[in-house]
Amino acid sequence: MVHPEPCHSSPRSHRVRLILSPIHSQFCCKHRFTDADGEWEVASNPQGYRAGKDVEARVQRPGRLSTFRCKTQTIDSVFIRGGDVGTRPNAPIFLTIGAVIPDREGAARIRSARYAAHAVSLLGGTMVRRAYRQRSLVEVLLPDGDKLWDSTLRQIDTLLDDDVLVDRVAEALARRHPQSRRRGRLGTPATVVLRMLVLKHLSDWSFDECEREVRGSLVYRAFCRIDGERVPDAKTLIRLARLLDEPVLKDVLARLVALGRKHRVIRGRRLRVDTTVVETNIHYPTDATLLADGVRVLTRGLRRIGEQVRERTRSVARRVFEIAQRSRSAGHRVPAGVRARSQAKMKVLYQGLMRITRTVMRQAESAVARARGQRPAGHLATTVDLVRHVLAQTRARVLRGDTHYPGKVVSLFEPHTDIIRKGKLTKPTEFGRLVKIQEAEAQFITDYAVCERRQSEQALWGPARDRHIELFAGAPQLAVADGGFASATNERAARERGVRHVVLPRQPRETRSRGDRMALRWRTGSEGRISALKRRHGLRRCRYRGESGMQRWVGLGVIANNLLVLGRAGP
């Protein structure tokens, strides 16, 4: 509620009390008020609006434009500074206005009405919302709609009502652009983003599947706090999910650990650590297919910046196919003469394929030098560096026979992919990233880490132990891992930090006590938890792009697992 008073020279002087329309929380364009001279309309947003301060706003009516200076009262009927405005700037507040509120001139009167407004922080934060204003469509259409809910989903819904979780996500969304808190359209609320991503990874859906399932289900609409509002489409959710980086997900996970301790699901008395491989979304890499990918991607990038490029798809595909055919007769199971002829022919084919790749790469280097500063040129320069590395490693591996070339690139699209051999009979070589998973009681994952390339498991034991002590403010009574983490240094360091029982088996057939055997049997449960992560939450293969996408994929899968554990544990 504001009091406009004219700031231009005018023979008349009047004051009119302006009542903002219901459901609006800001003094902005198109608001109307009436004085003794008739109806006025606000034509522009006031600048620097604060309670008790003078601001200017233009008001107009047909054929006339005036400027007024508006002075707000200390106690404002729409902009309310509550005790929890700092942490929940969009919490709904209902106001009831008196029976008759006359202005000083008696020109404007309104009847008894109920006005809904939001407590909006006057320092910003209006564009990034925590939740939609009203609910719920399920209660309106289905009075007994609560019976449609799964009991576990209902408990997860209660857990996600935690203000700390929503505030952390809202803070991440506010960092999308420097002025995201103050400018732009109203964004998707933080609670909607968090709940849709949780639901997506609970069921291992794609973004399109998540959008379709939420749009067609009243229960999922209620769970995601959408109800009768528009469901964010897949592209919007993809853009917003990128804002939830590793620090945000680690904070969310730490909050879930605190909730688990509060509900007495976990106590931090046990610790088990294991590793697994999360594959990147790439095809099986060979030298020929990497060169073919380089030609295809460079040709596409050159055409995007307007360069004329010769079509070499057929010549490249023919050589790649013939190399694949010749490789079948170049193994150790064929006679030596046949093997020698096949290998010689493969070298000739590789030389032709490398010649085509070098030609396209040199044309791309020239185009990048001419188009310096353009956005597509920057991406093209990165691809040129990768293709140059692929050429060097192909020359060393195929022509010189050096198969131990350092820093191998196995994908142009996921260059962070590592080559990992964990000794599996069914899959001896895996292409992805090594991920550390550590658990407490009740199969609750307390921390995760996407490991650096070529990082040993022994180096992961110390950070895992320290993180557990940090989360639970004390050392566990039992700490156990498999033989990859075993070393005398790790055992001694764990005992020095206060761990009473440390089991790191260094010899597979060594004599163990009964307590050690029981601890190792409990350790095998981590294999089952990793299997559940891969089957239920999609950690078998990462479908997000880049190294940050790997962090986000693993983090959201772990968060979904913990919410499922807490939901099944009950209130």
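**Charged side chains in a predicted model**

Arg-495 and Glu-491 sit together in helix 14, residues 488-496, 4 residues apart, or about one turn of the helix. This is a predicted model, so keep that in mind. The two side chains meet in a salt bridge, 3.7 Å from N to O. Glu-491 is buried, at 13% relative accessible area. Arg-495 is partly exposed, at 46%.

How many salt bridges does the structure hold? The count is 33. Take Glu-307 and Arg-370, with their closest N and O atoms 2.9 Å apart. Glu-307 is in the loop between helix 9 and helix 10, Arg-370 is in helix 11, and 63 residues separate them. Arg-370 is exposed, at 56% relative accessibility. Glu-307 is partly exposed, at 22%.

Next pair: Arg-453 and Asp-418, a salt bridge at 3.8 Å. Arg-453 lies in the loop between strand 11 and helix 13, while Asp-418 lies in strand 9, 35 residues apart. Is Asp-418 buried or exposed? Asp-418 counts as buried because its relative accessible area is 6%, and buried means under 20%. Arg-453 is partly exposed, at 36%.

Now a lysine. Lys-250 is in helix 8, residues 246-262. Lys-250 is buried, at 19%. Its side chain reaches the backbone oxygen of Tyr-448 at 3.3 Å.

Last, the surface. Which residues gather in a patch of positive charge there? They are Arg-176, Arg-185, Lys-235, Arg-239, Arg-242 and Arg-545. Arg-185 is in the loop between helix 3 and helix 4. Arg-185 is exposed, at 79% relative accessibility.

Key. Residues are numbered from 1 along each chain as its sequence is written. This is a predicted model: local features need pLDDT of at least 70, side-chain atom pairs count only at pLDDT 80 or more; totals for chains, interfaces and linings use all residues. Side-chain values use heavy atoms; hydrogens and water are left out. Patches are made of residues with over 30% relative accessible area and no salt bridge: like charges are joined within 9 Å, nonpolar side chains (Val, Leu, Ile, Met, Phe, Trp, Tyr) within 5 Å. Accessible areas come from the Shrake-Rupley method with a 1.4 Å probe; for residues, only the protein chains shown count as cover. A salt bridge is a side-chain nitrogen of Lys or Arg within 4 Å of a carboxyl oxygen of Asp or Glu. Lys and Arg count as positive and Asp and Glu as negative; His and the chain ends are not counted. The place of a charge is taken as NZ of Lys, CZ of Arg, CG of Asp or CD of Glu. Helices (H or I, at least four residues) and strands (E, at least two) are DSSP runs, numbered from the N terminus. Buried means under 20% relative accessible area, exposed over 50%, partly exposed in between (1.4 Å probe, protein chains only). A polar contact is a pair of N or O atoms within 3.5 Å; within protein, one must be able to donate a hydrogen and the other to accept it, and residues adjacent in sequence count only if both atoms are side-chain atoms.
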